[in-house]
Amino acid sequence: MKDIDKSFRKDTETEFPLREELRPRSVTAPDGQVIEIDPLQDYFCQEPPKVHKQSYFKIVEDFYNWARAHSLWILGFGTGCGAIEMRPLMTPRFDAYRYGIQWRPTPRQANLLVISGYLSVKTLKRAIRAYEQMPSPKYVVGLGSCTINGGMYWDSYNTIKRLDDYLPVDLYIAGCMPRPEALLAGFMDLKKLIRKGKAEGANKYAENFDWYKANQKSVIKDWDMPDYNW
Amino acid sequence: MSFEWIQLAYAALTVFIVINYGLIMTAVVQKIGARVGGRYGIPVWQNYIDLVKNIALRSKISHGVMFYLGPVFRLTGGIGLLLFVPTIYGSVMHQNFAFAGDLILALYFVFFGTLGMALGAGESGHPHAAIGVSRGLAQVTAAELPLALAVFAISLQYQTLSITEIVAAQQGGIFNWTLFTNPIATLAAMFALVGTMMRAPFDVVVAPQEIPIGPPTEYHSAYLALMQTNRVLFPVAKTVIYMNLFFGGASNWAEFAVKVFAIYMVSVLVGVVHPRFRVEQSIRFFLKWGLPVGILAILVV
Amino acid sequence: MMRDLHDHLKTRYRLGDLAERRGNLAFVDVERADLRALLVELRDVHGFTHLSLLTAVDWIEEGRFQLTYLMNNRAANRTLGLRVFLDRADPVGDTIHDLWPTAATYQRELREMFGIAFPGSPRVDEEFILEGWTDMPPYRRDFDTLAYSQQTFSDREGRETHDPRSHMAKKLYPEGQR
Amino acid sequence: MIRFEPDRSQYPQPGDDGKIEIDLETGKYLKLWHGPNHPGITGNMSVELTLCGDEVVEGKTHVGYLHRGFEKLMERRTFIQVFPIVCRVCVPEPDFNEWCYAQAVEELAGIEAPEMAQWIRTLILEMGRFNSYMMAMGGIGGALGMGVIGQWMTYVRDLMLDRFEEMTGARIYHMFILPGGVRGHLPEGFSERMEEVLQTAERYLADVDKAMFTNAVFKARTKGVGVIDPALFEPYGVTGPNARAGGVAKDLRKDAPYLVYDQLEFEVVTETASDIWARARVRRRDIDVSIALIRQILAKMPKEGPVMAKLPNVLHWKIPRGETYVAGESSRGEYGYYLVTDGSGYPRRVNVRGPSYTHAMALLEHLIPGTNIADVAALMVSLHTYPPEIER
């Protein structure tokens, strides 16, 4: 292993210029009307996330948690190489459907985001957007050593090291890559957490919103979206 | 016919039974599909849990009034369809609001939900939803043509527009069913059944690999729960029409369950082994095969 | 057979010595001005129609970049690597996207990862792999990925990093022998 | 016969340079992102589509979502330390990376792997090819709405992964091939268990033939769609099954035999139509070739012998200055490693030439305009692209 270059300093001065399609401009509509648009203001909803209270009656909340635990809808977003072991999970050998686990293609209908392996900075941006679009309560599972502490890519300039700096993680599944049996066991543990009412990642995200945003922005230099995008 | 208030309660009971039947039937059907692939499949009560889960979600966002009304219209379409069709022949409790011209109304309700959904999904502003809606309307229009023609054919055959009377004419043995008295009309209608059940090869509307699930892309939480309810109710209600028109109706719930399941399985069995058509291919398919058969059915009568 | 080709081409192009690796793989230095004509001749006359690879090597000690064009003649099973050297201070290469459209992708990557300019190549200045990158091109030798990673991302507490060479030497030879 | 031809006069017309002028603000066009979070995309990448009606007028590939900077990381690691990360470049067929890199290091260091090791390497590569094709077949079925094919194929792939696990101890990333040879011998009774797997696979593949290749809807969706003109193969660097589907019988296993392929008998599968159907068919028939090859290797391979050549102390291993390029025929096309050494203990530069690099970028962008939006997923899957090869 090569030694570290002590004199190397990261460039922190340069600002990344705003992309051309996101700059304010005026548009002539087909009917001749001229419209001023500022994409960052107009295309997104700016409302910050809310902390959602639990149900008033404990028994109702317990019932809801039971239902949530037995109906985990995973967002089909393969962020890294761990996604290859998600496929056997849906097929005859392991068949996660037995446990009420399904794959949904759109974040609006999913409530479990599986970060399947390392996250490059470019994907982190998309993962954050996908996470924020999911309806609460939502859960995050980090899969593989590389989400825990960089793993194999601990010295890479383009992959994040600790997922919980950027998203509220409920559960990590260690391994490189974790086997399908480990994934199933992990999902069972997540179910237990949900039934106990301990998986309140969405509320944690809303409470520590500024901290999460500061972390995210320190890594993503071209932050050209609003702070919270629904 | 006279209207009595108790009919409302009876109708509500019918809807309740049909929804539960639909929830379990769709789960069983999914399980059968999974078995073809070699999987164990979901538990039969999974649909109930998903429904509760979706209602239990905490955050909801709306894209406007129509976005909210879309699923409501869709559910109205499903329930309306069911309520104006006699579910169980000869039963006072479950003949619902059947009346002399109910066949026309039923045809209208088949379309109603799709149109409402189109408005709601359009409001969500997602391009996938818009593409899905345009595909859906084009395909439903083409696919329902054979059904409309088949319905004309059999209303000519039985000289009535009342579903109850059509069912009555089919009683007294299996060979009195329209299936055997007018097989061409039945064939035309089965084209429409396969075409509108949102299963392969005609599931281009929701095609996950092309436009991730199409119109309902933006729907979540309680909206989605409403749509799920409709997804289990609407196919059953539609199958009830087919059962009444072509397969001699049902005189009790057991017969109902068996017949609806059998008719529904037609579309499932077709769907399991086929890839999906592109939208213009499927429209072409219906115009080329469904339409001539439907016209033939009228001519034969 | 590579030798014959080399002798044949040497009469008209300024070529370096042929460095033979295997019977069917050899590398040769080419002047930048000759590159395009040589590529066209190799493609049209000698059957080297397949561009296997276009990449760069950073020789920081010598102050130059090496561009490697790997040309492959599948029918005769021969591969010829052309080495072109560019000044490291102001690296500018010649685009060959009109000969091989796929070269445009390689040139986009070299532009982003090494900072080598290819004027005229389509979409060459668009972001390819990195997004929002403001630092120096990362594949250059003076970019230290470990230092960058430590200054950007935070480690989890309790992580121990061993230098594998001394760690393994200690494990394998506890008495200190080599 | 009823025919519908769309009124093309309303469609955008190409300008003088053959390109369509796209002005998004006329409201005629719709910009649609296919990916990265999209079930129809092959891995974590995205295609930016511009639609006019149902037709795609422009497609741009965006990659880099999986970039880990492998080539940079390899420069920091000693020759032996590179092995744990080298296989992670390509997940469905990781062994190819290990072999290419090991072969390149052996060439530069002047080491020869023993014969037994060569046979085991060939076996591993064929098993990996089988796995990769299984994913591809399931993907083609899945992209066209036949989830059942995906289920069957992934199940068979699981069985093959069991054999990998038995041989190497790992399911996905094996790290079994090292410079100088392989890590070990085959386990006892391996060929009998392999034979069982192959027979199961043949049973399932017969079902696939029935369900997929005789299906009228599948034919309607794939025949004549996504045709690559064989004249484009050379300029766009198309190799492997994608080229063989266009009638070009190029296969590095035959053209430049590596390992022990010169001692094995097999045919190079070709089709002529060069459309999605032909590409699916080539892959399907290549699975049969792979199965036959695995049987041949197990029958012909020597029973014993050393599997590892003598290596210098790997902690202090220095390789003299030089450069080499090692390529082989992976399940997607020509897969190669370009290795430069400078006499130190670290590689100077490693460059991975993945076949997807050309297939998914220049070629895909060339093919997409004019296709129907419904065919984009099928087209991408039929090219069998895999994004980590592009961005590493």
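This is a predicted model: local features need pLDDT of at least 70, side-chain atom pairs count only at pLDDT 80 or more; totals for chains, interfaces and linings use all residues.
Biologist: Hi! Which chains share the most contacts here?

Modeller: Chains C and D do, out of the 5 pairs of chains in contact.

Biologist: How many residues does each of them put into that contact?

Modeller: Chain C gives 34 residues and chain D gives 35 residues. On the chain C side, the elements with two or more residues in the contact are strands S2 (25-30), S3 (50-59), S4 (64-73) and S5 (78-87), plus helices H3 (103-113), H4 (145-152) and H5 (164-172).

Biologist: Which of those has the largest share?

Modeller: That is S3(C), with 6 residues. By residue type, the side of chain C that touches chain D has 18 nonpolar, 12 polar and 4 charged residues.

Biologist: Nice. And what about chain A against chain D?

Modeller: There the contact takes 34 residues from chain A and 30 residues from chain D. Strand S1 (25-28), helix H3 (83-89) and helix H4 (121-133) of chain A each supply at least two residues of the chain A side. That side divides into 15 nonpolar, 11 polar and 8 charged residues.

Biologist: How far apart are chains B and C?

Modeller: Chain B and chain C do not touch, and their nearest C-alpha atoms are 25 Å apart.

Biologist: Let's move to chain D. What does the domain assignment give?

Modeller: It gives domain 1 (8-62) and domain 2 (70-391) for chain D. Taken over C-alpha atoms, the centres of domain 1 and domain 2 of chain D are separated by 32 Å.

Biologist: How many residues of each domain are in the contact between them?

Modeller: The contact takes 18 residues from domain 1 of chain D and 19 residues from domain 2 of chain D. On the domain 1 side, strand S2 (46-52) and strand S3 (55-62) of chain D are the elements that give two or more residues. The largest share of that side comes from S3(D), with 7 residues. Its residues divide into 7 nonpolar, 7 polar and 4 charged.

Biologist: What's the strand order in the open sheet of chain D?

Modeller: The order is S6-S7-S8 in chain D, 3 strands with antiparallel pairing. Strand S6 (322-329) and strand S8 (347-353) of chain D are the edges, each pairing on one side only. Neighbouring strands of this sheet are turned by 10 degrees against each other on average, direction ignored.

Biologist: And over how many bridges do S6 and S7 pair?

Modeller: S6(D) and strand S7 (residues 334-341) of chain D pair over 8 bridges. As one example, D:Gly328 has D:Tyr335 in S7(D) as its bridge partner.

Biologist: Which helix packs on that sheet?

Modeller: Helix H3 (residues 95-109) of chain D does, touching S6 and S7 of chain D, and its direction makes about 145 degrees with that of S6(D).

Biologist: At what angle do H3 and H4 of chain D pack?

Modeller: H3(D) and helix H4 (residues 115-143) of chain D pack at about 145 degrees, with their axes 9 Å apart. D:Asp95, D:Phe96 and D:Trp99 in H3(D) meet D:Arg121, D:Ile124, D:Leu125 and D:Gly128 in H4(D). The residues of this contact are 4 nonpolar, 1 polar and 2 charged.

Biologist: Where does UniProt list a transmembrane region?

Modeller: The unreviewed UniProt entry lists "transmembrane region" for residues 133-153 of chain D. In the model this stretch is 86% helix and 0% strand, with its end C-alpha atoms 9 Å apart.

Biologist: Which residues of chain D does the subunit D annotation cover?

Modeller: UniProt, again in an unreviewed entry, places "domain: NADH-quinone oxidoreductase subunit D" on residues 151-314 and 317-392 of chain D. Residues 151-314 of chain D are 50% helix and 2% strand, whereas residues 317-392 of chain D are 32% helix and 30% strand.

Biologist: Last one: is D:Gly370 buried or exposed?

Modeller: D:Gly370 is exposed, because it has 11 other C-beta atoms within 10 Å, and exposed means 12 or fewer. D:Gly370 sits in the loop between helix H11 (356-367) and helix H12 (376-383) of chain D. Its C-alpha atom is separated by 31 Å from that of D:Cys90, 280 residues apart along the chain.

Methods
Residues are numbered from 1 along each chain as its sequence is written. Chains are lettered from A and ligands numbered from 1 in the order in which they are written. Two residues are in contact if their C-beta atoms, placed from the backbone, lie within 7 Å. Helices (H or I, at least four residues) and strands (E, at least two) are DSSP runs, numbered from the N terminus. Ala, Val, Leu, Ile, Met, Phe, Trp, Tyr, Cys and Pro count as nonpolar, Asp, Glu, Lys and Arg as charged, and the others, Gly among them, as polar. Two strands pair if DSSP finds at least two bridges between them. Axes are lines fitted to C-alpha atoms, for helices over the stretch in contact, and angles run from 0 to 180 degrees between N-to-C directions. Domain bounds come from an automatic or database domain assignment. A residue is buried if 20 or more other C-beta atoms lie within 10 Å of its own, exposed if 12 or fewer, and partly exposed in between; C-beta atoms are placed from the backbone. UniProt positions are given in the numbering used here, feature names are shortened, and annotations may be inferred rather than shown by experiment.
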